[in-house]
Amino acid sequence: MKETDREAVATAVQRVAGMLQRPDQLDKVEQYRRREARKKASVEARLKAAIQSQLDGVRTGLSQLHNALNDVKDVQQSLADVSKDWRQSINTIESLKDVKDAVVRHSQLAAAVENLKNIFSVPEIVRETQDLIEQGALLQAHRKLMDLECSRDGLMYEQYRMDSGNTRDMTLIHSYFGSTQGLSDELAKQLWMVLQRSLVTVRRDPTLLVSVVRIIEREEKIDRRILDRKKQTSFVPPGRPKNWKEKMFAILDRTVTTRIEGTQADTRESDKMWLVRHLEIIRKYVLDDLIVAKNLMVQCFPPHYEIFRNLLSMYHQALSTRMQELAAEDLEANEIVSLLTWVLNTYTSAEMMGNAELAPEVDVSTLEPLLSADVVSELLNTYMSTLTSNIIAWLRKALETDKKDWVKETEPEADQDGYYQTTLPAIVFQMFEQNLQVAAQISEDLKTKVLVLCLQQMNSFLSRYKEEAQSYKEEHLRDRQHPHCYVQYMIAVINNCQTFKESIVSLKRKYLKSETEEGVSLTQPSMDGILDTIAQEGCSSLLEEVFLDLEQHLSELMTRKWLLGSNAVDIICVTVEDYFSDFAKIKKPYKKRMTAEAQRRVVLEYLRAVMQKRISFRSAEERKEGAERMVREAAQLRLLFRKLAAGFGEDADGHCDTIVAIAEVIKLTDPSLLYLEVSTLVSKYPDIRDEHIGALLAMRGDTSRDLKQTIIETLEQGPTQANPNYVPIFKEIMVPSLNVAKLLK
């Protein structure tokens with residue numbers, strides 16, 4: 001207490017010191033004293049009020065505690081009295097069991113009396129309900145059924161509440177209302193029949209469908225109410241919950257599945273197009289059904305049923321199941337294409353789920369695939385395997401058919417430009433086109449794979465085509481009279497090569513849209529080389545045919561008979577021109593090369609005749625006459641090949657000039673100039689060899705052994721520079737086994 005007083009004094013001193021810091025403040029001391037006195041009085045008043053309040057609270061509390069203590073004593077005494085009375089009345093309670101049973105019976109009788117009217121009218125209500133169901137008055141029938149069930153459930157609930165273990169009375173009530181469950185089942189059957197035909201009913205009598213939905217909604221509400229009561233009482237009436245809404249969706253789902261499966265009207269045995277028809281019927285039915293569901297059925301169902309979304313899901317699942325069943329069957333190649341085209345393209349196209357009438361409720365981007373990626377991949381692999389076998393078989397059959405045409409007695413057909421051809425390229429590429437168009441309907445990736453497959457098989461096919469063309473030539477050489485139109489059909493084979501090349505380029509250009517795809521195809525073996533080889537061998541066989549006919553006349557060249565006036569070159573020109581009148585039916589790229597080759601071969605045979613030392617001129621007159629004849633014949637050949645090469649823009653003189661150059665050496669009259677003439681010849685034709693010079697000088701018949709030796713040795717010492725554009729011709733000419741030394745003698 002003293003400590004508190006000291007702190008109070010110290011605080012007061014500080015406060016007074018703070019108020020009296022200047023002399024002029026001494027005048028206000030009285031004012032300060034009064035103010036502090038007022039504050040002190042106020043604080044003391046508040047303090048007294050607080051203390052008084054606390055004292056009043058304590059007094060009240062004590063009074064209440066005293067009252068509570070008295071009450072506890074009273075209760076304790078009352079409990080003791082009750083306990084005493086209870087012990088004394090145990091025997092009395094046991095003697096009241098009969099009264100208790102009477103009360104229960106009274107309660108049951110009261111419930112029975114309350115439902116007496118309904119109980120007596122049960123048979124009549126059952127008959128009326130049955131009649132209403134048969135008449136199709138489903139709403140009225142359901143109302144009476146609800147009354148029956150309500151009476152039954154009420155009685156059973158009262159019995160359960162009074163005596164849950166009394167099964168005999170429960171069974172009695174249940175048996176009395178036994179017809180109720182049958183009526184419920186019969187009504188449900190009618191509801192399911194309406195739902196199974198809901199897409200038809202909603203068009204003809206939407207009121208009936210609305211009635212069915214209303215009945216189902218009523219039952220759902222009753223189910224919910226009974227389940228809520230079950231949580232409190234554990235009592236559930238028989239047949240509950242009915243779950244008719246759940247059953248309704250199950251019926252709709254089963255109906256959708258049956259509708260999808262029932263669209264297959266044909267089998268493969270009865271109709272090759274069975275799958276196409278089946279898929280088209282499915283497409284039409286599903287689209288029509290969903291449009292009806294979107295526009296009409298949604299108006300007959302509560303929004304929370306989401307009937308369109310559920311139907312869409314049912315149709316999608318039923319379609320997926322059906323597509324998987326079809327994919328599991330042993331489908332042919334065309335059937336695989338039909339199935340995949342429908343699944344991957346048609347299903348999401350505007351012809352079906354992407355139809356404008358289904359938007360915006362149906363978003364094709366959110367639809368799951370009807371077939372899994374593994375199933376699609378397996379189908380594609382099966383298709384590619386089957387297609388490979390089919391293409392091989394088709395190509396083999398096409399080639400066999402074309403071979404049969406080769407031995408016909410009639411000429412092959414000509415195209416619009418007059419070139420001979422067979423139907424082989426058209427058949428092959430029509431087949432390729434059909435398969436590529438089909439593959440393009442499925443996917444770009446499959447289209448590319450099919451194109452690569454076609455090119456691969458085409459490469460193998462051309463190898464067989466080459467072998468067959470070679471066999472055709474060999475067969476003809478064994479008997480040149482057969483086949484009758486050998487030349488014409490060989491021309492057609494050559495032209496087919498050009499058609500094949502053009503068709504391959506066209507096919508790539510049409511079905512390869514990007515550089516990436518083109519890169520894929522370019523990895524396939526090139527077929528141009530094989531086609532060029534077939535065409536070149538065909539041209540060679542035709543030229544061989546020509547030279548077989550010219551063989552006799554070529555053998556007359558550079559002989560004594562030739563010198564005396566043979567018409568061998570005339571016959572050669574006529575024969576070549578006659579053959580080339582047929583060769584005019586060869587397409588330009590190959591005809592151009594064939595004409596150049598024919599000229600080269602004729603000149604080559606002419607020069608070979610010179611080098612074979614068939615004649616040795618005996619005088620200057622013979623040399624002059626022979627040289628002039630060679631020049632005339634060279635001009636004759638030049639004129640022929642100019643005529644044959646007309647329109648090609650090619651030089652038809654080059655090889656014929658070689659004959660003229662040889663004639664100049666033979667014509668020379670001054671032997672001293674012979675070296676100069678021969679060296680000029682060698683400079684123009686650097687592939688000419690010593691044996692060629694020896695044979696040429698031997699043909700002159702006037703060259704001494706020393707001169708021949710000198711010319712040859714001198715030419716060997718001064719090699720000539722070859723023209724880069726020079727095409728060798730002498731290297732193909734073999735001089736007979738007579739060696740140079742013998743020629744010099």
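**View 1. Glu 597 and Arg 600 pair up as a salt bridge.** In this predicted model, the closest N and O atoms of Glu 597 and Arg 600 are 2.8 Å apart. A salt bridge here is a side-chain nitrogen of Lys or Arg within 4 Å of a carboxyl oxygen of Asp or Glu. Both residues sit in helix H23 (residues 588–611), 3 residues apart, or about one turn of the helix. Helices are DSSP runs (H or I, at least four residues), numbered from the N terminus. Glu 597 is partly exposed at 28% relative accessibility, while Arg 600 is buried at 14%. Buried means under 20% relative accessible area, exposed over 50%, and partly exposed in between (1.4 Å probe, protein chains only).

A word on the ground rules: residues are numbered from 1 along each chain as its sequence is written, and side-chain values use heavy atoms, with hydrogens and water left out. As this is a predicted model, local features need pLDDT of at least 70 and side-chain atom pairs count only at pLDDT 80 or more, whereas totals for chains, interfaces and linings use all residues.

View 2. Arg 322 is buried, with a relative accessible area of 8%, but Glu 325 is partly exposed at 32%. By the salt-bridge rule, the count comes to 28.

**View 3. Glu 468 and Lys 403 bridge two helices.** Their side chains form a salt bridge of 3.0 Å, N to O. Glu 468 belongs to helix H17 (residues 444–478) and Lys 403 to helix H15 (residues 373–406), so the pair ties together parts that are 65 residues apart in sequence. Glu 468 is partly exposed at 22%, and Lys 403 is partly exposed at 26%.

**View 4. Asn 496 is tucked away in helix H18.** This residue lies in helix H18 (residues 486–511) and counts as buried, at 0% relative accessibility. Its side chain makes a polar contact of 2.8 Å with the side chain of Thr 422. A polar contact is a pair of N or O atoms within 3.5 Å; within protein, one must be able to donate a hydrogen and the other to accept it, and residues adjacent in sequence count only if both atoms are side-chain atoms. Leaving aside neighbours within four places in sequence, Asn 496 is in contact (heavy atoms within 4.5 Å) with several residues, among them Asp 402, Leu 424 and Tyr 465.

**View 5. Phe 249 and Tyr 305 make an aromatic pair.** The structure holds 15 aromatic pairs. Rings of Phe, Tyr and Trp (its six-membered ring) pair if their centres lie within 6.5 Å; planes under 30 degrees apart count as stacked, over 60 as edge-to-face and the rest as tilted. With centres 6.1 Å apart and planes at 40°, Phe 249 and Tyr 305 are tilted. Phe 249 is in helix H11 (residues 244–261) and Tyr 305 is in the loop between helix H12 (274–295) and H13, 56 residues apart. Both are buried.
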